[in-house]
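Here is a quick walk through one model, written for someone who likes to check things in a viewer. Have a look at the fold before reading on.

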Amino acid sequence: MKIDQDLIKELQTDDGHMGEVTYDPGYQKLPRREVIINELKKMNIKNVVHIGCCGHLKNIKKQIENKTSLHMLLIQNFEKVIGFDINREAVQFFSKYAENIYARDVLENSDEILSIIHDSFGEEPYVVLIPEVLEHTPNPVAFLEYIHKSYCRAEDKIVITVPNAYGFGRICDALFHNKECMNMDHKYTFTPTTLLKVMVEAGITPKELQFMDLYKYSKLFKKPICANTILAIGDGCN
């Protein structure tokens, strides 16, 4: 779904009125990793900066063996891919399987990271991919604002994915079981609109939003807003 100027203007307001956003009933049939790869390919960008490239340490080996590791899929599909992760132990383990993975904090080591990016890509454009990271940060707006200003030029793109608070399974847990199941490292949950709002507050102009990982009932009733995962694409920093 393309984000038009009217919606961006609405997202920029902060006067407390009740806004309403209607989302395209179309949906992505592919699984999350395939959707991410396809969306990146549409940008015709050869270079990818993958933030949070390792994921959970306990899952790395299994995902590589099952061919479900997002970072490995990126390496297979794009010319140059570099990854950064704050977990040094995970980076050390993952480096047995892939090159150009660095244990760096994107908020603390920006000069060093920018040097690595320049050495890898030169002046070529790239996409900054932030998949399932934002919900782990204590301040999503400040985190995205820093990433955008520090690492994204006008010709670059930023791609973000987050779990959807309206995911069908989460709604069913609340409605029928009066419970919530979540990763206890998550600090926030996002709806499609709050994700776009956070991007705008961080100075990012959102261009497109996609729903991924649809449950069978989300597809049956054509309610992609109840998908498990949200993907948003934004412009670089002008």
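Predicted model: local features only at pLDDT ≥ 70, side-chain atom pairs only at ≥ 80, totals over all residues.

As background, strands of a sheet pair through backbone hydrogen bonds, either parallel or antiparallel.

## Strand 4 and its neighbours

Strand 4 (residues 127-131) runs parallel to strand 1 (residues 47-51), and three bridges join the two. To get from strand 4 to strand 5 the chain passes through helix 7, making a right-handed β-α-β crossover.

Is strand 4 enclosed or open to the outside? Five of its five residues are buried, so the strand is largely enclosed by the rest of the structure. In a regular strand the side chains alternate between the two faces of the sheet. Here V127, L129 and P131 point one way while V128 and I130 point the other, and all are buried.

## Helix 7 and the cores

Nonpolar side chains tend to be buried together in soluble globular proteins. The largest nonpolar core in this model has 41 residues, and V128 and L144 have the most contacts inside it. Helix 9 (residues 192-201) supplies the largest share of this core, five residues.

Which residues does L144 touch, leaving out those up to four places away in sequence? The list is I130, L134, I158, I160, V198, M199, A202 and I204. Apart from this core lies another, of 18 residues, with I37, L40, M43 and I45 among them.

## Cysteines

How many disulfides turn up in a search of the whole structure? The count is zero. The pair to look at is C53 and C54: the closest cysteine sulfur to that of C53 belongs to C54, but at 3.9 Å it is too far for a bond. The cut-off for a disulfide is sulfur atoms within 2.5 Å. C53 itself is buried, at 5% relative accessible area.

C181 is in no disulfide either, and the nearest cysteine sulfur, that of C172, is 12 Å away. With a relative accessible area of 47%, C181 counts as partly exposed.

## Two positive phi angles

K67 isn't a glycine, yet its phi is positive, at about 60 degrees. You'll find K67 in the loop between helix 3 (60-65) and helix 4 (70-77). Its relative accessibility is 69%, so K67 is exposed.

N100 is the other one to check: a positive phi of about 60 degrees, and again not a glycine. This residue is in the loop between helix 5 (88-94) and strand 3. N100 is partly exposed, its relative accessible area being 37%.

Technical notes: Residues numbered from 1 in each chain as written. Heavy atoms only, no water. Pairing = 2+ DSSP bridges. Helix = DSSP H or I, 4+ residues; strand = E, 2+ residues; numbered from the N terminus. Core = buried A, V, L, I, M, F, W, Y, C linked by side-chain atoms within 4.5 Å. Buried < 20%, exposed > 50% of the residue type's maximum accessible area, 1.4 Å probe, protein only. Contact = heavy atoms within 4.5 Å. Right-handed = clockwise from strand over helix to strand, strands pointing away.
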